[in-house]
Each structure stands twice: as C-alpha cells, then as structure tokens.
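Okay, thanks for making time, everyone. I'd like to walk through some side-chain pairs and how they sit in the fold. Have a look at this first.

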Amino acid sequence: MAPIDGYWGKQTATVDWCEENYVVSSYIAEFWNTLSNAVIILAPLFMLIVGYQQNIERRFMYSFLAVTVIGTGSWLFHMTLKYSMQLMDEVPMLWGSTSFIYSSLMVKSKPNEDNVLVQLSLFSMCLFVTLMYLFINAPVFLQVAYGLLNTVVIFSMVKTCLTMECDKRIFLGGVGCYLIGFFFWNVDNIYCHHLKYLKVSQAASGMLFECHAWWHIFSGIGAYLGLLFSLHTRYVYLQRKPRVKLLFGFWPYIVIDNTTAKQK
C-alpha cells in the first residue's frame, strides 16, 4: 500500500492525476508524470543553445525558453503536488502559448521587427486570464483558456501551411504528436478507474498505463516541432536557407545560413 504522504507532505494542489502517489519513490509524488517532463525541458533547451549560436530572433528564443520553463514547472508540480508548484506548471502554459501565437503572427515581419500593439494585447489577455484563474481557483477555467489558445496556434499554423512556403512534414509531425498527447490526456481523465485496474493486474507495467506521462512526452514533442515549423518557415521567408538536421540521427533541429544575412 502506497503511503498517503511522502517526503513533500500533504497534497495542497487542487489537481491530482491518475498516477498513484509515492509508489516508486517517497521523494517523488507522481514518479512517471515527473520524469516524463525531461522531454519538455531538454528538447527546447538544446534548441536554445543552437539558436543562441545561430543568432535567431529573440521571440523564438523566448518561445523555446517558455517550453523549458513549462517543463520545469510541471516537473516540480508532479514531484511535490503542492499548489505553488501547480501554478508554476499551469500559468507558464498560458503565457507560453501566447509567445507561440506571437511568433506565428510575426512570420512575415521585417527582420527583428516587433509589434508593440500585438505584444500589449497578448500580455493584457494573459494577465486577465491569470488573475481570473487565481481568483476563482478552478483548473477547468485555465484548461479551457489553454485549449483555446492552442486552437489559435494550430489554425495559425494551418494558415501558414496553406499560404507560405514551408516544410509540411514538420507541421504534420508537430500537430500529430500534440493530438496524440491530447488523446492520452483525455484517457487519463476519463478512464482513470480502468487504468488503475490495469496497473494492479499488470504489476510490472511501469509507465505503460500512465497516460498523463505520455501526454507530457507527445505534447512536448508536438510543441517543440511546432516551434521548429514556425522558425523554419520564418527563415525560408527571409531567404536564409534554414536546414533541418538530426541530432544522433533522429532528433530534428534547425540551422540557419548566416552568410546570407551578412551579404544583405
């Protein structure tokens, strides 16, 4: 029988996912839901390093950083199940989504151009939703807001795909992974009692039936590929000859031809 309270004490978070608490480790409340955030943290962190070396536009750097912050907050939340850590998970998801929207909206702008009006509009909207969430303290409210923002992101990417020169493989891979992750998120919420039965009957299943952990992995890959798509499309538009390269033969990242920029 798993202990009710582990190293971090009683749960103060308003959400507790389907994974049983403190089963694998007394130091990590939801073990697989915690470790699965490694994908969300490390993938954009690598692209941050590459982007810094390539001198990519700041909005893309901020977007990759936002994903890493989301993953770190999610790691801390699932590890502790504390309300303060829950906010570190949920609120960055909201703000990160607006950075993705901004990058999509500015795909045809001049090099390093900023739109202060769009920035202020997105900032005001995010601040309003954040304050409302803190006031009503209902996770469903934030989940709906996050879902709507991501719908805007996807439709913006679809429009880009239909109207601009782009790499549709990255687009399809990103959207496909995100939708698979969303499927697992729903399974974890709707069929939790069935999943718990499977975990009991298959004692050595490990992460297999931890659907929220699979949500982390697939949504993290989807978000990363979505940003790669926006970055690649942006630099195709700027005629900077972006190339997709593979780390270890399978993990995609983007490199930019900086010689073109110098010639201009």
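**Charged pairs**

Let's start with Asp167, which forms a salt bridge with Arg169, the closest N and O atoms being 2.9 Å apart. By salt bridge I mean a side-chain nitrogen of Lys or Arg within 4 Å of a carboxyl oxygen of Asp or Glu. Before I go on, this is a predicted model, where local features need pLDDT of at least 70 and side-chain atom pairs count only at pLDDT 80 or more, while totals for chains, interfaces and linings use all residues. Residues are numbered from 1 along each chain as its sequence is written, and side-chain values use heavy atoms, with hydrogens and water left out.

So, back to that pair: are its two partners buried or exposed? Asp167 counts as buried, at 10% relative accessibility, whereas Arg169 is exposed at 66%. The cut-offs are under 20% relative accessible area for buried, over 50% for exposed, and partly exposed in between, with a 1.4 Å probe and protein chains only.

How many salt bridges does a search of the whole structure find? It finds 6. Another of them is between Arg234 and Glu57, at 2.8 Å, N to O. Arg234 lies in helix α9 (residues 211-237) and Glu57 in the loop between α2 (38-54) and α3 (58-80), so this bridge ties together parts that are 177 residues apart in sequence. Helices here are DSSP runs (H or I, at least four residues), numbered from the N terminus; strands would be E, at least two. Arg234 is buried at 0% relative accessibility, and Glu57 is buried at 4%.

Then there's Glu210 with Lys199, a salt bridge at 3.0 Å, N to O. Glu210 sits in the loop between α8 (192-201) and α9, and Lys199 in helix α8, so the pair connects parts that are 11 residues apart in sequence. Both Glu210 and Lys199 are buried. And salt bridges with shared partners join Glu57, Arg59 and Arg234 into one network.

Now for Asp188, in helix α7. Asp188 is buried yet has no salt bridge, and the nearest side chain of opposite charge, Lys199, is 5.5 Å away. For charge, Lys and Arg count as positive and Asp and Glu as negative, with His and the chain ends not counted. What is Asp188 in contact with, leaving aside its neighbours within four places in sequence? Trp17, Cys18, Leu195, Cys211 and His212. Contact means heavy atoms within 4.5 Å.

**Rings**

On to the aromatics: the whole-structure search finds 16 aromatic pairs. Rings of Phe, Tyr and Trp (its six-membered ring) pair if their centres lie within 6.5 Å; planes under 30 degrees apart are stacked, over 60 edge-to-face, and the rest tilted. Take Tyr7 and Tyr27: their ring centres are 5.1 Å apart and the planes are at 45°, so that pair is tilted. Both residues are in the segment before α1 (31-35), 20 residues apart. Tyr7 counts as exposed, at 53% relative accessibility.

Phe182 and Trp185 have centres 6.0 Å apart and planes at 10°, so they're stacked. They are 3 residues apart in helix α7 (residues 168-190), about one helical turn. Phe182 is partly exposed at 43%, while Trp185 is buried at 18%.

Last one: Phe64, Tyr224, Phe250 and Trp251 form one aromatic cluster. That's it from me.
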